[in-house]
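Morning, everyone. I'll talk through confidence, then helix packing.

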Amino acid sequence: MASLNVGNLGEYLREQRRTAQLSLRQLADAAGVSNPYLSQIERGLRKPSAEVLQQVAKALRISAETLYVRAGILDAERDRDDVETRAAILADPTLNERQKQVLLQIYESFRKENGFEIAPPDAAPAAQSDGTADTLEALRDSDVLDDDTAVADPRKTDGSDADPHQTAS
């Protein structure tokens with residue numbers, strides 16, 4: 001794990017807070033942290049946990065992964081593609097919040113299956129399941145995907161993309 005670069009993080013948080021036109025107290029209240037603690041983070045005196053960074057990111061409506069990179073929790077080079085992909089999904093104005101979370105869950109299950117098992121601390125629980133097929137099945141059960149949605153099971157090795165839930169007619 002990289003060392004924490006809290007000075008850079010604090011400056012970035014202050015800039016984001018000001019851009020969002022929030023006072024320190026307003027952001028602290030929205031993030032559920034104390035005003036003095038948030039002030040110390042902004043001044044580079046404290047090293048916030050990933051959980052605190054997640055709460056602050058949510059309050060600022062920015063990507064938690066961006067804050068993790070700024071804090072040195074995620075390696076910027078290694079995780080840049082992942083962060084950019086997540087940011088693009090989260091920033092898409094044509095998707096609602098539920099759709100964004102579903103896409104992130106599917107994306108994370110594919111990454112896990114391909115050997116990238118280290119998920120950010122704010123990854124959705126379904127994204128940490130044992131496989132993509134389990135995630136897709138859960139999504140179908142939750143009516144996010146209907147039975148007509150064609151999604152191939154990536155674990156198949158025969159090149160077949162037939163839906164295992166469909167019966168032969």
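Start with residues 152-169. There pLDDT, the predictor's confidence in each residue from 0 to 100, stays under 50. The model still gives that stretch 16 contacts (heavy atoms within 4.5 Å) beyond four places in sequence. Residues 119-130 also stay under 50, with 29 such contacts.

This is a predicted model: local features need pLDDT of at least 70, side-chain atom pairs count only at pLDDT 80 or more, and totals for chains, interfaces and linings use all residues. Numbering runs from 1 along each chain as its sequence is written, and side-chain values use heavy atoms, with hydrogens and water left out.

The protein averages a pLDDT of 74, and 61% of the residues score at least 70. Helices are DSSP runs (H or I, at least four residues), numbered from the N terminus. Among the elements, H8, residues 132-141, has the lowest mean pLDDT, 58. H2, residues 24-31, has the highest, 96.

Now packing. What angle do H2 and H4 cross at? Roughly 115 degrees, and their axes, lines fitted to C-alpha atoms over the stretch in contact, come within 8 Å. Angles run from 0 to 180 degrees between N-to-C directions. H2 brings Leu27, Ala30 and Ala31. H4, residues 50-60, brings Gln55, Val56, Ala59 and Leu60.

Next, H4 against H5, residues 64-71. The axes are 8 Å apart, at about 135 degrees. On the H5 side, the contact uses Ala64, Leu67, Tyr68 and Ala71.

Technical notes. Helix = DSSP H or I, 4+ residues; strand = E, 2+ residues; numbered from the N terminus.
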